[in-house]
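Work through the exercises below with the model open. Try each task before reading its solution.

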Amino acid sequence: TLGELDARVNAVAAGLSELTRPGDNVALMSPNCPAFLEAFFAVQRLGLGAVPVNTALVGDGLVHVLTSSRARVAFVHRELLPVVAAVRSRLPDLAHVVAITEGEAEGAPSLEALRRDHRGARPPAAPPDPDAVALLMYTSGTTGSAKGVVYRYRDSNTKRLRLLSHLLYEPGEVLYTCLPLFHANALLLTTVMALDMGSTVGLGRRFSASRFWQEVSEAGGTSFNALGAMIPILLKQPPGPFDRKHRVRLVVSAACPADAWRPFEERFGVRLVEAYGAVDGGGFITINLGNAPVGSIGKPLGGKYRLVDETGAEALDGEPGELWIWSGKKRERAVEYYRDEKATGD
């Protein structure tokens, strides 16, 4: 329940406070499990910076994220401890590794030990510093090294998420996700939005095409988010008993192929809406609620934008273009990359 989560977060936060200092960043490297969320919200409760880490990272890629973020503490799932141990000598800022053991034999220290040893702890009395880093979400690094997109406590996008949640969802929803919690989709667009509404989160370990609808059904899911590739994959599965044996009414998709949109809705008895946003998009989002053509990302919910061609001129109807977004004149609304003034300025 929300109350049980709150108590666990207080306990983990109390233990974490003994390992950290104000202004520290804390890495989270774990597959989907409830303990990931305990660690994440414990970091937030202390007013520290959470750094979700892609669980596929190894070697130089992992070193880059942990050193560029200057993470002082890392919560690491027991399965990934050897990966971190292999590069530990290259991580001068990392002072503590806290294992997420999920009930296996506990090492020292472990999240489970922090929770047990500080049971009944009260939340911190002081609110977080509004200018402190709340969250670093690393980009995929398609044009260079991954960069940490900064969310500060004064503008963590939770207000925008609240507005979006009331646009899409109804009371009593169960938001299911099997997408990784180290990405914004599962962490923010599912978990934070569900908690904001007082709704239930159905947390899957990973995407399995053959078991997907059964898992959604067993979780009682009424909605889920889908990345575009998931929809054609699910359509290729043979008909099964759970194709319509579920409570899902709404699927929020990103990059659903136009020719799969209607077949997906008809086969599984759901309504699909399409949305587009980016971690480093400054809160800009577009959404197609059925008021734009099938396959379209719809119109922006607000803000100024342009679609331009290679010369910077307005793209013509039917021609490919690049989306330019105006974040506003206020510095606090600009996209910020952690410890990277050049990329932030560009």
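## Exercise 1: The nonpolar cores

Task: find the largest nonpolar core of this predicted model and the residues with the most contacts inside it.

Solution. Start with the count: the largest nonpolar core has 69 residues. Next, look for the residues with the most contacts inside this core: they are Phe75, Phe212, Trp213, Phe224 and Phe264. Now take Phe212 and set aside its neighbours within four places in sequence. Phe212 is then in contact with Tyr176, Cys178, Phe207, Phe224, Met230 and Leu234. Finally, another core of 23 residues lies apart from the largest one. Val65, Leu66, Ala74 and Ala146 are among its members.

## Exercise 2: A glutamate in a helix

Task: decide whether Glu38 is buried or exposed, and list what it touches.

Solution. Locate the residue: Glu38 sits in helix 2, which spans residues 34-45. Check its accessibility: the relative accessible area of Glu38 is 2%. The cut-off for buried is under 20%, so Glu38 is buried. Then list its contacts, leaving out residues up to four places away in sequence: Glu38 touches Leu5, Arg8, Val9, Val12, Leu111 and Arg115. Last, inspect Arg8: its side chain and that of Glu38 are joined by a polar contact of 2.9 Å.

## Exercise 3: The second largest pocket

Task: describe the lining of the second largest pocket. Which helix gives the most to it?

Solution. The volume comes first: about 590 Å³. The lining has 22 residues. Nearest the pocket centre lie Phe40, Phe41, Gln44, Thr158 and Val192. Trace the lining back to its elements: helix 1 (2-17), helix 2, strand 5 (133-138), helix 6 (158-168) and helix 7 (184-197) each supply at least two residues. Helix 7 gives the most, with five. Then sort by type: 15 lining residues are nonpolar, three are polar and four are charged.

## Exercise 4: The cavity

Task: how many cavities of 30 Å³ or more does the structure hold, and which residues line the largest?

Solution. The structure holds one cavity of that size. The largest cavity has a volume of about 30 Å³. Its lining consists of Tyr169, Leu175, Tyr176, Leu189, Thr190, Ser223, Phe224 and Asn225. Assign these to elements: strand 7 (174-177), helix 7 and strand 9 (223-227) each supply at least two. Strand 9 gives the most, with three residues. By type, the lining divides into five nonpolar and three polar residues, with no charged ones.

Terms used: Residues are numbered from 1 along each chain as its sequence is written. This is a predicted model: local features need pLDDT of at least 70, side-chain atom pairs count only at pLDDT 80 or more; totals for chains, interfaces and linings use all residues. Side-chain values use heavy atoms; hydrogens and water are left out. Helices (H or I, at least four residues) and strands (E, at least two) are DSSP runs, numbered from the N terminus. Buried means under 20% relative accessible area, exposed over 50%, partly exposed in between (1.4 Å probe, protein chains only). A polar contact is a pair of N or O atoms within 3.5 Å; within protein, one must be able to donate a hydrogen and the other to accept it, and residues adjacent in sequence count only if both atoms are side-chain atoms. Contact means heavy atoms within 4.5 Å. A nonpolar core is a set of buried Ala, Val, Leu, Ile, Met, Phe, Trp, Tyr and Cys residues joined through side-chain atoms within 4.5 Å. On a 1 Å grid over the protein atoms alone, a cavity is a set of points where a 1.4 Å probe fits but cannot get out, and a pocket is an open set with protein on both sides within 12 Å along at least five of seven lines; lining residues have an atom within 4 Å of a point. Grid points are joined across faces, edges and corners, and a volume is the space filled by probe spheres set on the points. Ala, Val, Leu, Ile, Met, Phe, Trp, Tyr, Cys and Pro count as nonpolar, Asp, Glu, Lys and Arg as charged, and the others, Gly among them, as polar.
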